[in-house]
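Let's take a walk through a protein together. Keep the picture open beside you and follow along as we go.

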Amino acid sequence: QVQLVESGGGLVQVGGSLRLSCAASGRTFSEYSMGWFRQAPGKEREFVSRITWSDGSTRYANSVKGRFTISRDNAKNTVYLQMNSLKSEDTAVYYCAASRGATMGGVKYWGQGTQVTVSS
């Protein structure tokens, strides 16, 4: 049974930092991309960032470029999202996702989500 388990969300002030973790289990993800999406209240879920297990190539949404960093630990089957210089508009539920191939166009697995609240 495939599981993606997020952790690390919470309440932080504007300008602060958080690190999200996503522990993956239940299958081999070497041919997958792992990524993060987020959904704010009343808005659609949007892409945030992704990394490929194979070569570690990364991609970011323009709204987080330069502030967020995605990384992976292959030995722990864990993906991280370091979020710095947080803004109030970053407030959302953040979801870990796994998609076969080099893009996040066809997400096959989702985590349960973790709440990130940025307060001013």
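Two strands count as paired if DSSP finds at least two bridges between them. Hold on to that idea, and remember that what you are looking at is a predicted model.

Strands β5 and β6 form a hairpin, with five residues between them. In that turn you'll find glycine 56, and its phi is positive, about 75 degrees. The two strands run antiparallel and are joined by three bridges. For a close-up, look at arginine 50: its bridge partner in β6 is arginine 59.

Six bridges join β4 to β5, and the two run antiparallel. Phenylalanine 37 has phenylalanine 47 in β5 as its bridge partner.

How much of strand β5 is covered? Mostly: five of the seven residues in β5 (46-52) are buried. Serine 49 sits in this strand, and serine 49 is buried, with a relative accessible area of 0%. What lies around serine 49? Leaving aside neighbours within four places in sequence, serine 49 is in contact with Met34, Gly35, Trp36, Arg59, Tyr60, Ile70 and Leu81.

Next, find the open sheet. Four strands build it, in the order β1-β3-β8-β7, with antiparallel pairing. Its edge strands are β1 (3-7) and β7 (68-73), and each of them pairs on one side only. Neighbouring strands here are turned by 15 degrees against each other on average, if you ignore direction. What holds strands like these together? Strands of a sheet pair through backbone hydrogen bonds, either parallel or antiparallel. Zoom in on β7 and β8, which pair in the antiparallel sense over six bridges. Phenylalanine 68 stands opposite methionine 83 in β8.

Time for some sulfur. There is one disulfide in the count, and it is formed by cysteine 22 and cysteine 96, with their sulfur atoms 2.0 Å apart. Cysteine 22 is in strand β3 and cysteine 96 in strand β9, so this pair links distant parts of the chain, 74 residues apart. Is the disulfide left-handed or right-handed? The torsion about the S-S bond is about -80 degrees, so the disulfide is left-handed. As for the two cysteines themselves, cysteine 22 counts as buried, at 0% relative accessibility, and cysteine 96 is buried with a relative accessible area of 0%.

Last stop: the charged side chains. How many salt bridges does the structure hold? There are four. One of them is between glutamate 31 and arginine 100, whose closest N and O atoms are 2.6 Å apart. Why is this pair worth a look? Glutamate 31 lies in the loop between β3 (18-25) and β4 (32-39), while arginine 100 is in strand β9 (residues 92-100), so the pair ties together parts that are 69 residues apart in sequence.

Then there's arginine 38, which is buried, with a relative accessible area of 5%. Arginine 38 forms a salt bridge with glutamate 46, the closest N and O atoms being 2.6 Å apart. That glutamate is partly exposed, with a relative accessible area of 34%. Arginine 38 also meets aspartate 90 in a salt bridge, at 2.9 Å from N to O. Since arginine 38 lies in strand β4 and aspartate 90 in the loop between β8 (78-83) and β9, this pair ties together parts that are 52 residues apart in sequence. Aspartate 90 is buried, and its relative accessible area is 0%. Which residues end up in one network? Salt bridges that share partners join Arg38, Glu46, Arg67 and Asp90.

How values were computed:
Residues are numbered from 1 along each chain as its sequence is written. This is a predicted model: local features need pLDDT of at least 70, side-chain atom pairs count only at pLDDT 80 or more; totals for chains, interfaces and linings use all residues. Side-chain values use heavy atoms; hydrogens and water are left out. Buried means under 20% relative accessible area, exposed over 50%, partly exposed in between (1.4 Å probe, protein chains only). Axes are lines fitted to C-alpha atoms, for helices over the stretch in contact, and angles run from 0 to 180 degrees between N-to-C directions. A disulfide is a pair of cysteine sulfur atoms within 2.5 Å. Contact means heavy atoms within 4.5 Å.
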